[in-house]
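Here are some friendly notes to read alongside the coordinates.

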Amino acid sequence: MFVLDNIKLATRNFKTRKLRTFLTILGISVGIGTILFLVSLGYGLQKILIERLATSDTLLTLDVSAANTTIIKIDDAFIGDMKNIPNVVEVSPQKSVFSELKIGDISSNISFSAVNNSFFHLSGLNLLKGEMFGNDKDNKIIVSTGSLKSLGMDDPVAALGKEVTLTLIVPQNTSSDEKEMNMENTLVPLDGSFVISGIVEDDASSAGYLPIGWVDSSVVPNFDSVKVKVTDQNSLDPVRSVIIDKGLAVSSLSDTVDQASKIFNVVQIVLSLFGIIALIVSAIGMFNTMTIALLERTSEIGIMKSLGASNREIQFLFLTESILIGLLGGLGGILIGKLGTWGFDYGFFLLAKSFGGQAINIFYTPTWFILFIIAFSAIVGFITGVYPARRASRLNALTALRYK
């Protein structure tokens with residue numbers, strides 16, 4: 001009952017100074033709302049990066065390539081060795097080959113990557129339209145939107161199912177001297193026709209993906225790169241070390257994500273500092289309110305003490321008021337912050353829609369952070385009320401009754 005009585009008395013005191021109490025709570029709310037808004041922006045940008053770049057498979061995948069292709073060749077034997085490395089669960093090689101793609105009377109030179117089906121989930125590549133090809137000798141190909149534009153096709157949906165022919169353009173060294181390179185292109189037409197089964201959104205390049213079984217080792221003997229998937233995060237470094245010892249260059253998307261996360265952590269700290277500055281200003285206003293309340297209620301404190309109220313009870317009353325103001329400010333800050341994030345997200349949605357882009361949510365607020373905000377606002381209220389509460393509890397009853 002003691003706690004409930006203090007809460008009732010504190011809320012009754014709020015009603016006697018409604019405007020001042022409202023402005024004090026509003027000041028705390030603005031400070032808390034600023035922190036929530038800025039930190040949500042940092043978390044949102046970080047979430048966008050991770051969702052767009054990383055999946056569970058890509059974070060467990062190493063990208064392997066030859067640092068010097070004249071010395072080290074990644075061939076079938078090398079791929080077999082990689083499959084036998086402990087903790088390696090999947091290996092997806094890639095060959096790059098220049099090709100002439102022809103639809104009817106229109107042709108265009110396209111840079112194709114000859115891959116197997118596992119390449120797509122290991123690289124985190126998603127299709128704009130269509131579907132992936134199946135086995136390594138499937139007669140389906142995937143092309144970028146840039147490739148379609150080079151063929152005079154702007155509608156990805158209309159391109160799906162179109163039959164095309166492919167001719168590989170393979171450079172060959174015609175010089176007998178190993179030190180002298182005399183490259184000439186050899187045209188290797190692929191049998192039959194292919195169907196465009198999928199479209200990748202990439203307007204910047206004329207690129208595509210071809211089942212690796214169509215690029216014979218006699219035509220293109222070596223692989224340009226390999227994607228190696230390991231069992232778990234703890235296996236990344238051991239497998240990386242083994243592959244590096246073989247003289248190959250290794251990179252990982254998880255390294256990029258880790259570096260980006262560290263950068264965003266710094267960004268979140270900087271953004272939080274701006275919000276904390278606003279909170280400090282509002283906390284000073286709250287301290288001023290509690291101090292004025294002490295002066296206004298000095299006589300009231302004297303009456304309470306003369307009726308038997310202890311120093312502890314007086315102190316607890318003032319702390320209850322300050323904590324309530326802090327909590328209400330925290331709840332108001334969450335409301336202000338969320339309204340701000342929703343408003344900006346909706347504004348970006350309208351902007352993206354007007355430019356024909358894809359709408360994304362650039363703000364993200366973790367649940368734990370909202371709970372932290374509520375607890376933090378109560379702590380701010382407590383700290384702000386400590387000094388006025390101690391002064392109120394130490395007042396002499398006779399002196400307080402005489403105060404005017």
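1. Let me start with a charged pair. Asp203 and Lys149 form a salt bridge in which the closest N and O atoms are 3.7 Å apart. Asp203 sits in the loop between strand S8 (194–200) and strand S9 (207–211), while Lys149 belongs to helix H5 (residues 145–150), so the bridge ties together parts that are 54 residues apart in sequence. Lys149 counts as partly exposed, at 47% relative accessibility. Please keep in mind throughout that this is a predicted model.

2. How many salt bridges does a search of the whole structure find? The answer is four.

3. Are the two partners buried or exposed? Lys227 counts as buried because its relative accessibility is 13%, which is under the 20% cut-off. Asp63, at 25%, counts as partly exposed.

4. Lys140 and Glu131 also meet through their side chains in a salt bridge, at 3.0 Å from N to O. Here Lys140 is partly exposed, with a relative accessible area of 24%, and Glu131 is partly exposed too, at 44%.

5. Which residues does Lys229 contact, leaving aside its neighbours within four places in sequence? They are Asp57, Leu60, Thr61, Asn87, Val88, Val89, Glu90 and Leu122.

6. For context, most residues other than glycine have a negative phi. Asn87 is located in the loop between helix H3 (76–83) and strand S2 (88–103), and it is partly exposed, with a relative accessible area of 40%.

7. The largest nonpolar core has 47 residues, and the members that touch the most others are Leu101, Ile141 and Leu210. Strand S2 gives the most to this core, with five residues. Apart from it lies another core, of 23 residues, including Leu279, Ile334, Ile373 and Ala389.

8. Leaving aside neighbours within four places in sequence, Leu101 is in contact with Ile106, Ser107, Ser108, Ile110, Phe112, Ile141, Val143, Leu151, Val164, Thr165 and Leu166. Among these is Ile141, which was named above with Leu101 among the core members touching the most others.

9. Finally, the overall picture. The secondary structure of the chain comes to twelve helices and eleven strands, and 43% of the 404 residues count as buried. Of the contacts between residues at least 6 apart in sequence, 80% join residues at least 24 apart. The chain exposes about 21,500 Å², with carbon and sulfur atoms supplying 60% of that area.

Note on methods: Residues are numbered from 1 along each chain as its sequence is written. This is a predicted model: local features need pLDDT of at least 70, side-chain atom pairs count only at pLDDT 80 or more; totals for chains, interfaces and linings use all residues. Side-chain values use heavy atoms; hydrogens and water are left out. Contact means heavy atoms within 4.5 Å. Helices (H or I, at least four residues) and strands (E, at least two) are DSSP runs, numbered from the N terminus. Buried means under 20% relative accessible area, exposed over 50%, partly exposed in between (1.4 Å probe, protein chains only). A nonpolar core is a set of buried Ala, Val, Leu, Ile, Met, Phe, Trp, Tyr and Cys residues joined through side-chain atoms within 4.5 Å. Accessible areas come from the Shrake-Rupley method with a 1.4 Å probe; for residues, only the protein chains shown count as cover.
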